[in-house]
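Okay, everyone, thanks for coming. Could you get the structure up on your screens, and then I'll walk you through it?

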Amino acid sequence: MTILAKKVQKTALWPRSYLILLQSSGYLYTGDTFGLGYRQFRNADGPLLLATTTPVAFDPDAWFASLEHMMALNPTACCVTHFGRIDRPLECVDMLRGSIQAHVDIALAEEERNEEGRDDRLRDAVEGLLIGAARGHSDLPESEIREILASDIELNAQGLAIWL
């Protein structure tokens, strides 16, 4: 049996990363370019997709461009590093775009403010965003949601601080 796959392109978001399209299934292997998709936050309405603004890598314009390219391939699923398969990505990509834009908005709200206390304000805003989104996709207690997302809250806040 031969499996046909093709390296589609380097992603604009992470230039050393590639997208791989498995032609037989239409699965697109995306690395982190299709965001974070914890299994704990998948419900009947679908998955919760969240932006990751890892320090020194956050480039929202490049990310939006990569998402456009990815969706133009019309994948049947996106396979996300650490989080598995996300079915019907064309139906849920707007959620990820919204999360990216919400992170941009959080950062830009800080741009003109005093740097003193910025890290705490960014962390609090990112925490509110991610916890709030996760509550809508899970019946888990908030303490458990916080535990699951703790490292992403910290990394995203750090990434936004560096992006500014």
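Let's start with a pair of helices: helix 2 and helix 4 make a right-handed crossing.

Quick housekeeping. This is a predicted model, where local features need pLDDT of at least 70 and side-chain atom pairs count only at pLDDT 80 or more, while totals for chains, interfaces and linings use all residues. Residues are numbered from 1 along each chain as its sequence is written, and side-chain values use heavy atoms, with hydrogens and water left out.

Now the overall layout. The protein chain has four helices and seven strands, and from the N terminus on they run β-β-β-β-β-α-β-β-α-α-α. These are DSSP runs numbered from the N terminus: H or I with at least four residues for helices, E with at least two for strands. Of the chain's 164 residues, 43% count as buried. Buried is under 20% relative accessible area, exposed is over 50%, and partly exposed is in between, with a 1.4 Å probe and protein chains only.

Back to the helices. How do helix 2 and helix 3 pack? Helix 2 (residues 89-110) and helix 3 (residues 118-135) meet at about 155°, with axes 10 Å apart. That makes helix 2 roughly antiparallel to helix 3, and this crossing is right-handed. Then there's helix 3 with helix 4: axes within 8 Å, crossing at roughly 135°. That pair is therefore oblique, and its crossing is right-handed.

On to charges. I'm calling it a salt bridge when a side-chain nitrogen of Lys or Arg is within 4 Å of a carboxyl oxygen of Asp or Glu. That rule gives twelve salt bridges. In one of them, Glu91 meets Arg88 at 3.2 Å, N to O; Glu91 is exposed at 62% relative accessible area, and Arg88 is partly exposed at 49%.

What about Glu110: buried or exposed? Glu110 is buried, at 5%. Its side chain meets Arg121 in a salt bridge of 2.8 Å, N to O. Glu110 sits in helix 2 and Arg121 in helix 3, so that pair ties together parts that are eleven residues apart in sequence. There's also a network: Arg123, Glu127, Arg135, Glu142, Arg146 and Glu154 are joined through salt bridges that share partners. Arg118 bridges to Glu110 too, with the closest N and O atoms 3.7 Å apart, and Arg118 is buried as well.

Last stop, strand 3. Tyr29 is in strand 3 (residues 27-31) and counts as partly exposed at 37%. Thr30 is in strand 3 too, but Thr30 is buried at 1%. The C-alpha atoms of Thr30 and Tyr18, twelve residues apart along the chain, are separated by 7.4 Å. Tyr18, Ile20 and Tyr29 make a nonpolar surface patch of about 250 Å². Patch residues have over 30% relative accessible area and no salt bridge, with like charges joined within 9 Å and nonpolar side chains (Val, Leu, Ile, Met, Phe, Trp, Tyr) within 5 Å. Areas are Shrake-Rupley with a 1.4 Å probe, and for residues only the protein chains shown count as cover.

Note on methods: Axes are lines fitted to C-alpha atoms, for helices over the stretch in contact, and angles run from 0 to 180 degrees between N-to-C directions. Angles under 35 degrees count as roughly parallel, over 145 as roughly antiparallel, 65 to 115 as roughly perpendicular and the rest as oblique. A crossing is left-handed if the near helix is turned anticlockwise from the far one by less than a right angle, and right-handed if clockwise.
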